[in-house]
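Have the model open as you read.

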Amino acid sequence: MKHRITIKPLAYSLALLAMTLIVSCKPSQATAERTQALNNLETILNSKDFKIDIHTALPYTTRATTQVLNQLMRNTGNTSNRITVSGYDITFKNDSISGQLPYYGEQQLSSGSYNGNMGIVFNDKPQSFTLTKHKKRDAYIIKFNINDTKNTVETYRITITVFSNNTADVNIIPSHRNGISYKGQLISNE
């Protein structure tokens, strides 16, 4: 008795095997690229010679600030809770951190004079500086406290999450004003 092998089931099996091999190779390439990007990010952050170029301000808005900002932002393409900005950054150089950022929000406690500068300005050595790897994402978290350069009373708690694609989320909690967040891009100075 002759055995006949049909080609169709064999072709389907080979096609399925080939697709499995192709699909299984792709994630390992992606994993290797992600690991390399995370290692590059760690190297830049440990160099302490980089800046974060700020391109978006995300104010914490109350009803009052929403009304004022919506009037100011009319016909600009911005809203009270998302404002496009340029020319602002946070610079890390050795043990010092400097930044000059716009501020949109409300003052909560009287802290004296802002000397005509209502923005967030700092240039000092930070206190309580930590750099940790994010537990669930391909990112690093930088946390520190720093004093305002222009206002002797105001201090800031700053948390920066830098992702492996070099984007950054910056969250600033001032001691006497509402909090504000920013989005930016990590740029190495090397």
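Predicted model: local features only at pLDDT ≥ 70, side-chain atom pairs only at ≥ 80, totals over all residues.

Residues are numbered from 1 along each chain as its sequence is written, and side-chain values use heavy atoms, with hydrogens and water left out.

**Ring pairs**
- You'll find four aromatic pairs here, counting rings of Phe, Tyr and Trp (its six-membered ring) with centres within 6.5 Å; planes under 30 degrees apart are stacked, over 60 edge-to-face and the rest tilted.
- Phe 122 and Tyr 156 make a tilted pair, because their ring centres are 6.2 Å apart and their planes sit at 55°.
- That pair ties together distant parts of the chain, 34 residues apart: Phe 122 is in strand β4 (residues 120–124) and Tyr 156 in strand β7 (residues 155–163); strands are DSSP runs of E, at least two residues, numbered from the N terminus.
- Both Phe 122 and Tyr 156 are buried, meaning under 20% relative accessible area, with exposed over 50% and partly exposed in between (1.4 Å probe, protein chains only).

**The Phe cluster**
- Phe 129 and Phe 144 have ring centres 6.2 Å apart and planes at 25°, so this pair is stacked.
- Phe 129 belongs to strand β5 (residues 127–133) and Phe 144 to strand β6 (residues 139–147), 15 residues apart.
- Phe 129 is partly exposed at 32% relative accessible area, while Phe 144 is buried at 1%.
- Ring pairs join Phe 50, Phe 92, Phe 129 and Phe 144 into a cluster.

**Charge over a ring**
- Arg 177 puts its charged end over the ring of Tyr 103, 4.4 Å from the ring's centre; the cut-off is NZ of Lys or CZ of Arg within 6 Å of the ring centre and within 35 degrees of the ring normal.

Note on methods: Helix = DSSP H or I, 4+ residues; strand = E, 2+ residues; numbered from the N terminus.
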